Amino acid sequence: MDHSSKVLEATAANLAHCAELLRSDEVVGMPTETVYGLAGNALNASSVRKIFAVKGRPLLDPLIVHFSDLAAAEAHIETNDSVRQLAAAFWPGPLTMVVPKQASIPDLVTAGLPSVAIRVPQHPVFRTILKRLNFPLAAPSANPFGYVSPTLASHVAHTLGSRIQAVLDGGPCDFGLESTIIDLRNPQVPVILRHGPVTEAQINQILQVEVSTHSGASNDTAPQSAPGLLTKHYSPRARVTLLPHGETLTADAAPESGIALVCNQKPTWHTGQANIFWLSETGELNEIAHNLFELIQRLDQQGYQQLCIEQAAEEGLGHAINDRLRRAAAKLEAE
Ligand code: TXA
Ligand code: MG
């Protein structure tokens with residue numbers, strides 16, 4: 001069924017309507033600068049339950065809570081200087097911080113953990129809604145659990161449209177990749193749990209301490225001690241296989257039908273085959289990130305059985321891009 005009627009333009013009337021839905025403990029698809037989120041009242045257990053149910057998400061995978069500013073967040077957490085420094089540098093924006101929570105955050109939101117993931121998003125539509133509410137919004141990415149994150153309102157309508165009343169349209173997401181997550185439970189030992197648009201180097205520069213990266217995914221069935229990283233994630237229906245960065249030249253220049261070859265940039269040898277695609281004209285990392293999930297979902301909808309995707313250079317934003325690609329490809333191993 002076509003659920004495109006659930007996509008609402010961000011007019012004053014529709015913003016008021018969605019704010020009212022959220023006050024009534026409903027969930028709403030909403031744009032952020034990273035990916036579209038599935039938002040609900042973070043302080044209300046019934047609304048949080050709906051988020052998990054709509055996504056088909058296991059209750060052991062905790063949610064990010066979105067606030068209008070640092071002061072609003074600090075009313076619900078145990079704060080520290082690193083939180084304040086990073087907030088001053090990157091909020092509003094694509095950085096999520098994991099910190100000890102106060103009792104006001106329901107255990108359901110954090111999968112029973114004593115910590116909560118917090119973020120102040122940048123997207124004007126999301127910010128306008130937050131300012132109209134007197135509660136923060138829990139919002140995971142608005143995709144069915146395990147599928148690629150949505151970067152267009154139509155992605156949300158296509159996959160979750162039958163289960164929600166509305167998706168606010170804020171246009172294509174700027175970054176196109178989920179926020180960077182940093183664990184600041186111990187500010188002396190900050191750990192990146194998920195790479196994203198705010199890079200490790202940018203964080204190092206602000207905190208002036210060596211930031212490490214959480215190694216490997218957590219066990220997919222145990223409650224997550226340092227969650228955020230289920231292995232098989234971001235998988236399209238099509239199989240994803242990966243090519244090393246820079247090696248598309250040696251790939252089959254005429255992939256069989258049913259197989260799409262996805263390069264970082266327009267290949268110099270491109271001979272006009274329909275099933276060769278590129279993420280950026282010039283190979284620029286921001287553009288690759290911006291286009292990645294959209295292209296994967298488009299090719300998936302076109303019915304390709306296999307997507308053969310070139311990895312990004314392992315630098316800066318390339319870490320986040322390659323992390324998502326490896327998770328998409330992990331579907332192969334899980335089968
Ligand atoms: O960009 C984003 O972060 C988007 C937009 C909508 O804000 N949200 C998003 O949420 O990507 P989600 O739920 O798809 O991914 C959030 C990750 C989860 O995998 C979860 O395990 C981790 O954050 N997380 C949440 N609470 C945590 C906590 N207390 N400790 C460690 N990790 C946590
Ligand atoms: Mg997600």
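Biologist: In which loop does Ala-313 lie, and does Ala-313 count as buried or exposed?

Modeller: Ala-313 lies in the loop between S15 and helix H9 (318–334), where helices (H or I, at least four residues) and strands (E, at least two) are DSSP runs numbered from the N terminus. Relative accessible area under 20% is termed buried, over 50% exposed, and in between partly exposed (1.4 Å probe, protein chains only). Because the relative accessibility of Ala-313 is 18%, the residue counts as buried.

Biologist: What pLDDT do local features need in this predicted model?

Modeller: Residues are numbered from 1 along each chain as its sequence is written, chains are lettered from A and ligands numbered from 1 in the order in which they are written, and side-chain values use heavy atoms, with hydrogens and water left out. This is a predicted model in which totals for chains, interfaces and linings use all residues, side-chain atom pairs count only at pLDDT 80 or more, and local features need pLDDT of at least 70.

Biologist: How far apart are the C-alpha centres of domain 1 and domain 2, and what area is buried between the two domains?

Modeller: The protein is divided into domain 1 (3–213) and domain 2 (239–329), with bounds from an automatic or database domain assignment. The C-alpha centres of the two domains lie 28 Å apart, and 22 residues of domain 1 are in contact with 15 residues of domain 2. Buried area is the accessible area (1.4 Å probe) that two parts lose on being put together, summed over both. Carbon and sulfur atoms give 60% of the area between domain 1 and domain 2, which is about 1500 Å².

Biologist: Which residues of domain 1 lose the most area to domain 2?

Modeller: The size of an interface is often given as the accessible area lost when the parts come together. Three residues of domain 1 together account for 34% of what that side buries, namely Val-148, Leu-177 and His-195.

Biologist: Which members of the largest nonpolar core touch the most other members?

Modeller: A nonpolar core is a set of buried Ala, Val, Leu, Ile, Met, Phe, Trp, Tyr and Cys residues joined through side-chain atoms within 4.5 Å. The largest has 41 residues, and the members that touch the most others are Leu-86, Leu-95, Met-97, Ile-118, Ile-182 and Ile-203.

Biologist: Which residue caps the N-terminal end of H2?

Modeller: In H2, Ser-47, Val-48, Ile-51, Phe-52, Val-54 and Lys-55 are buried, and the buried residues of this helix pack against strand S3 (37–41), S7 and H6. Gly-56, with a positive phi near 65 degrees, follows H2. At the N-terminal end, a side-chain oxygen lies 3.0 Å from the backbone nitrogen of Ser-46, and the capping residue is Asn-44.

Biologist: Which geometry does the aromatic pair of Phe-277 and Tyr-304 have?

Modeller: A search of the whole structure finds one aromatic pair. Rings of Phe, Tyr and Trp (its six-membered ring) pair if their centres lie within 6.5 Å; planes under 30 degrees apart count as stacked, over 60 as edge-to-face and the rest as tilted. Phe-277 and Tyr-304 are both buried. Because their ring centres are 6.0 Å apart and their planes stand at 85 degrees, the pair is edge-to-face.

Biologist: What is omega of the peptide bond from Trp-91 to Pro-92?

Modeller: Most residues other than glycine have a negative phi, and most peptide bonds are trans. Pro-92 is placed in the loop between H4 and S5. The bond from Trp-91 to Pro-92 is cis, with omega near -5 degrees.

Note on methods. Contact = heavy atoms within 4.5 Å. Polar contact = N/O pair within 3.5 Å; in protein donor to acceptor, adjacent residues only side chain to side chain.
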